[in-house]
Amino acid sequence: MALLAVEKTNSDNKKYLNIFLPFTAFTMTHAEQPPCLYLEVCSQNEQLRLPLHSSIVLFLLSYCDCESFRVFLVLSDGSSSEPLKSQLPASASLSDVQVDELPKLVSSCRLPAALDESAQICRAGLAVVLRHIIDKSIEADPSRKDVAALLGFKKTCLKACAEVSKWTRLCEIGIPSAVEEHLHNPADVGKQLPLPVLTLESRLAEPVKVHNDDKIRRQKLQEQKRREKLEPVGGQANKEPSPGRPPQVSDELELRAALAKLSVVSVPAVTTRENSEIRKVKTSELPPLEHVFAEGLYFTLTDVVLLPCIHQYLCSLQASPPSALQQLPNLLRWYNRVQEVPGVMRAAKDCGLHLSTLQVATTCPPWPSAHPSATLLEEEGSQETTTPLPFVGGPRPTMTKLKENGIEAIFASHPCPSWNLPWDSLPSPINPTEGKMSNIRAIRKMQQLNNLIAMVTDLARPGDTIVDFCSGTGHVGIVLAHTFPDCQIILIENKEESLVRARSRSAQLGLKNIGFIQTNLDYFTGPFHIGVSSTNKVALHACGIATDMVLEHCIQAESAFVISPCCYGFIQNAVKFTFPKSEQFRKTLTYKEHMILCRFADQTAVQLPPERRLIGKQCMGLVDLDRSWAAEASGYSVQVITMEPESCSPKNNMLVGRPPQRKGC
């Protein structure tokens, strides 16, 4: 697909136009052109190299035999990808592109990124792009069951975003980043192994949990008992494991189940019903299932992500003392086992990865004392280092404690309580009454939209970029695009189904100032002027810590924000922030006291007694006051406003913030 050539001699003007030209400038009419993939190329010691996330994408393309994309290697300073030829799949359609020539949606995201045929939907971030490649491969060749199996049970492999899933964060970010850092600074490798790598080693030693866990474990017990009857005493002890393989693994039920899934060998049918002796065994007494691959018994997308990372890491350890490799027996077994998967060796060779079988030690030395005993997943799971004191009596003691320190909920007056969108004249795809919801719910949705759009109207200027975070099916973003034709609207959502539906609704309306990005929040890096709260399937709210993630992103971008929080009960400490957030609240409340406010802030449903709803509203106000004060510490002017009418939603707060440069507008 041809890229937009901006005919400007001045590079600053070129950069400016690339940011603010309408999305239609990048929407080509050549629908027959394939979608595009954009992969980063970086420089190390004045030599070009592929970052791990680019290598992972190319490896998956080769494994899937996917030819659905035109692949662009993103370079800078006019360089060429020719020195990387040995690492690039021969079957891929590859081209070079300079950073300043990227389409706007792509340049707004961290790579890798994929742009669809219309150039209006961009998918960014490693897990999102990999899942999209799998979908496209299956679409092109539905017979590739092995490719479909990469998405795992219920197609959920690496689907949860890294902000909420520790496993996704470990595989998508933790291990690639740790290996990249190690490759840049390999000193003392034998003394200090990266914590994410140790975490993976620990995870591979844990028992496997799968959806039909009980049945497989009973089959395993039955086979163990049958083998005990057939083998002489001490027979197993005299058998030596083959080089590079764990003892007995070639005979285990787990391996045969994995190979059956891959259609590698013909596996004899297993009796569907165990004998009565096996059925009577308690679940707690059944033998555990052992890992064959990263997520358990089956080869999945997680293994694809990890293989280039672990391969490069293990190669770097070859010159280290043997003790370094001996500390990773489970990882070595996994590495050897992955090479037996059909198509892996071919794809690896195609991408310049020279895999080799490594010897697995039957015993390994104790962990180095320099390493913490807790794994990364366990470390991230702990929220507090001290045991808080118990509390009795609900939120009243906490609210009293705040009041005694001069802290009470503050609600600013609504600047335009009667402002309404011209619903009667709006196109039907915008009006909630045209959907499948009840009339009462549609009216409330319209009232909520009135409030949000009114606040944006007060902030927006012609030429602004407005981002609808976690946009769902586009209830807010599409109204924004229609209401502000002189602004550029970007909808960001990590659920593909919702984003595709929003794109369809936008096409019905013929909107030209709108773009769609499927990604996690951290992968969006583009400039914008106003951030708007997201919508979910229920209402126009940013749920739980999604509010705080959007707030943090807006503050980093120095943009205004209009956010309607929701699901206060799901608030908890996260990787990037902890609660309370403001200095004033931290001086007064502990984490547990703040969580009490969050839990009771959800007690605002209309079915509850009025007094209880009033306490819930006060708790909502206090939680949002903490958020607003934290933003004000960055120079913002923030108001906590109640939607009009209050009955439009039990969660009727809005946080409206202006950055320093927009105060007084």
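The following paragraphs lead through a predicted model, from its overall make-up to selected local features.

Residues are numbered from 1 along each chain as its sequence is written, and side-chain values use heavy atoms, with hydrogens and water left out. Because the model is predicted, local features need pLDDT of at least 70 and side-chain atom pairs count only at pLDDT 80 or more, while totals for chains, interfaces and linings use all residues.

The protein contains 23 helices and 16 strands; helices (H or I, at least four residues) and strands (E, at least two) are DSSP runs, numbered from the N terminus. Of its 665 residues, 51% count as buried, where buried means under 20% relative accessible area, exposed over 50%, and partly exposed in between (1.4 Å probe, protein chains only). Contact means heavy atoms within 4.5 Å. Among contacts between residues at least 6 apart in sequence, 75% join residues at least 24 apart.

The axes of helix H2 (residues 52-64) and helix H4 (residues 126-140) come within 10 Å and cross at roughly 15°; axes are lines fitted to C-alpha atoms, for helices over the stretch in contact, and angles run from 0 to 180 degrees between N-to-C directions. That angle makes H2 roughly parallel to H4, since angles under 35 degrees count as roughly parallel, over 145 as roughly antiparallel, 65 to 115 as roughly perpendicular and the rest as oblique. On the side of H2, the contact is made by His53, Ile56, Val57, Leu60, Leu61 and Cys64. On the side of H4, Leu126, Val129, Leu130, Ile133, Ile134 and Ser137 take part. These residues divide into 10 nonpolar, 2 polar and no charged, with Ala, Val, Leu, Ile, Met, Phe, Trp, Tyr, Cys and Pro counted as nonpolar, Asp, Glu, Lys and Arg as charged, and the others, Gly among them, as polar.

A search of the whole structure finds 9 aromatic pairs; rings of Phe, Tyr and Trp (its six-membered ring) pair if their centres lie within 6.5 Å, and planes under 30 degrees apart count as stacked, over 60 as edge-to-face and the rest as tilted. One of them joins Tyr63 and Phe299 in a tilted arrangement, 5.8 Å centre to centre with 55° between the planes. Tyr63 lies in helix H2 and Phe299 in the loop between helix H10 (276-279) and helix H11 (301-316), so the pair ties together parts that are 236 residues apart in sequence. Tyr63 is buried, with a relative accessible area of 2%, and Phe299 is buried at 4%. Another pair, Phe585 with Trp629, is edge-to-face, 5.7 Å centre to centre with 65° between the planes. This pair links helix H21 (residues 583-586), which holds Phe585, to helix H23 (residues 610-632), which holds Trp629, across 44 residues. Phe585 counts as buried at 0% relative accessibility, and Trp629 counts as buried at 18%. Tyr63 and Phe299 also belong, with Phe293, to one aromatic cluster.

The backbone has some features to note. Most residues other than glycine have a negative phi, and most peptide bonds are trans. The peptide bond from Leu111 to Pro112 is cis, with omega near 10°, and Pro112 is placed in the loop between helix H3 (104-107) and strand E6 (113-115). The bond from Phe579 to Pro580 is likewise cis, with omega near -10°; Pro580 is in the loop between strand E14 (565-566) and H21. Asp65, although not a glycine, has a positive phi of about 55°. Asp65 sits in the loop between H2 and strand E4 (70-75) and counts as partly exposed, at 47% relative accessibility.

Of its 9 residues, 7 are buried, so H18 is largely enclosed by the rest of the structure. The buried residues are His475, Val476, Gly477, Ile478, Val479, Leu480 and Ala481. They pack against helix H17 (439-459), strand E8 (465-469), strand E9 (488-493), helix H19 (496-509), strand E10 (514-518) and strand E11 (530-532). Gly474 lies in the loop between E8 and H18 and counts as buried at 0% relative accessibility. Gly474 and Ala502 are 28 residues apart in sequence and 5.0 Å apart in space, C-alpha to C-alpha. Not counting residues up to four places away in sequence, Gly474 touches Val479, Leu491, Ala502 and Arg505.
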